[in-house]
Amino acid sequence: IIFSVCTVICNATCMATPGKPRAAQLEKPAPPVGCKTKPYAAEEHFTESAYTPHTVTVGVLALFLIMYAAFSRDVSDSRSNISWGLGFSLIGFLSFCVVHLPDGIMLRPHPAFWRLVLGLAVAYFAWLVFMLFQSVSTMRWMLGFFDNSLNTPLPERSYASDCRVLTPEKPCMFSNVLDTVNDEFIIAHIAGYWGKAIVLRNIRICWMLSVLFELVEITFQHALPNYLECWWDHLVVDILVCNALGIWLGMLTCHYFHAKTYSWVKLREIPTYRGKVARIVKQFSPINWTSYEWHIFRSFKDLSICLFLVILFNVVDNNGFFLKYILWVPPRHSLNSARLFLWFFIGIAAVREYYQYLNDPACKRMGTTAWVALGIVTTEVAVIIKYSSQEAMFAVKMPSYIYLPWLAFLGLGLLWAALYYPSLRLGWHRNAIVSSNLEVLFYLMWVPLVLLFVLGCPDLRWGQEWFQNWASGLGLA
């Protein structure tokens, strides 16, 4: 009641600019936020009452829930008190976010849902900043304080202990393959690349992500035992089966929504209750579908934009593996699932804002969710670097057969870009000789990555000893 009365008084007694009536000030449009022109986004095809801010109602309900929980429960257990206090602090913060945070360009199912996602992203970012000022032992203790199953060292699991495809001495000849398939990461691969296809809506970028992640696993397998995999696990199980299935299902979903005919009717114009219920259910589908045209090789700017996305998505994926390894969080723990679900919804909004900023001349700055996503990624990397250095977890030096192929790939890639895009701008690419030489250079720059795969896979290591001796002779190791 006090909250409602104060809100009415503040609205009624708001100071006006001298010499101008208050009504004239209220008629001014709100200042633009990101790419918006109104303080609250609304969809004209649903119902007007669903887009009223309800500021007082949400505030009163949130305060009532907090006060009721605070005064109605037993406070003798300190562990429970801290858990409930932090939980309802988050509820109070999210209640504010749902009402007062700026809207983005996402409307379905409701702008308040995307304000909630932004609020969760800000809360996660604040938690990461808090982690940044703790020691790794303190952080493990804190996680174990809230969950007794944590703060216990994880058993090191390697997927490359036996890389034989056929095992005739065992009851099943394909027992190694079946052990690899019967793993929680199989579902994670399929669902993850389905989500990436939904977020990015481009099959080329999805395949780039798929291949690059397996190469990153080989790159950091000296630091994470979980990244040790057989060649057929990398190439067949992950890339050609699980990731390909997830990408195919994701692009199939994109094609369905792209080909769908969108015709929306307001809820009050539907005469039957069954039709109203069906319309409410359809509110959880897109209002329309925007296909992303990234044009990877059209210009150096477009290439840089796409490479930035690919690197960012791979950093997000690898951060999850490093964080669970450093903080001793089991793969099946709910914290890992919660982080992935949060990143999925953050990615949908952030990539949409990123694409809008790059392709809409009227959009002068990138959206809020995209900026928060960049802050989260950066802080996750900072936490990993700080925690790993405290216990010298990754003190093992990266082998020369890992970093030298990467350097060769980067050098050839920069050389190709430095030659291709000026020739494209000047029209030299129409010359058959220039075009063929550029094409040879383009395919040549992928050879170091093939070499990385052959040298780095623990069950292959073809020519690894010779390569290390050669690098040592040249002083590169």
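**Entry 1**

I looked up the contacts of Phe-308 (contact meaning heavy atoms within 4.5 Å) and found Tyr-354 and Leu-374, leaving aside neighbours within four places in sequence. I note that this is a predicted model, in which local features need pLDDT of at least 70, side-chain atom pairs count only at pLDDT 80 or more, and totals for chains, interfaces and linings use all residues. Residues are numbered from 1 along each chain as its sequence is written, and side-chain values use heavy atoms, with hydrogens and water left out.

I placed Phe-308 in helix 12, residues 300–326; helices are DSSP runs of H or I with at least four residues, numbered from the N terminus. I recorded Phe-308 as partly exposed because its relative accessibility is 36%. On this scale buried is under 20% relative accessible area, exposed is over 50%, and partly exposed lies in between, with a 1.4 Å probe and protein chains only.

I then checked the length of helix 12. Its 27 residues should span 39 Å at 1.5 Å a residue, and the end C-alpha atoms are 37 Å apart, which agrees. The expected span is 1.5 Å times one less than the number of residues. Trp-328, which follows helix 12, has a positive phi near 60°.

**Entry 2: Cysteines**

I searched for disulfides, defined as pairs of cysteine sulfur atoms within 2.5 Å, and the count came to one. The bond joins Cys-163 and Cys-230, with sulfur atoms 2.1 Å apart. I noted the link of Cys-163 and Cys-230 as left-handed, with -85° about the S-S bond. Cys-163 lies in the loop between helix 6 (136–146) and helix 7 (175–181), and Cys-230 in the loop between helix 9 (203–219) and helix 10 (231–259), so the pair ties together parts 67 residues apart in sequence. Both Cys-163 and Cys-230 are buried.

I also examined Cys-457. Its sulfur is 8.5 Å from the closest cysteine sulfur, that of Cys-163, which is too far for a bond. Cys-457 is buried, at 0% relative accessibility. Cys-306 is buried as well, with a relative accessible area of 1%.

**Entry 3: Helices 15 and 17**

I compared the axes of helix 15 (residues 400–426) and helix 17 (residues 447–456), which come within 8 Å and cross at roughly 170°. Axes are lines fitted to C-alpha atoms, for helices over the stretch in contact, and angles run from 0 to 180 degrees between N-to-C directions. Residues of helix 15, including Trp-406 and Phe-409, meet residues of helix 17, among them Leu-452 and Leu-455.

Technical notes: Helix = DSSP H or I, 4+ residues; strand = E, 2+ residues; numbered from the N terminus.
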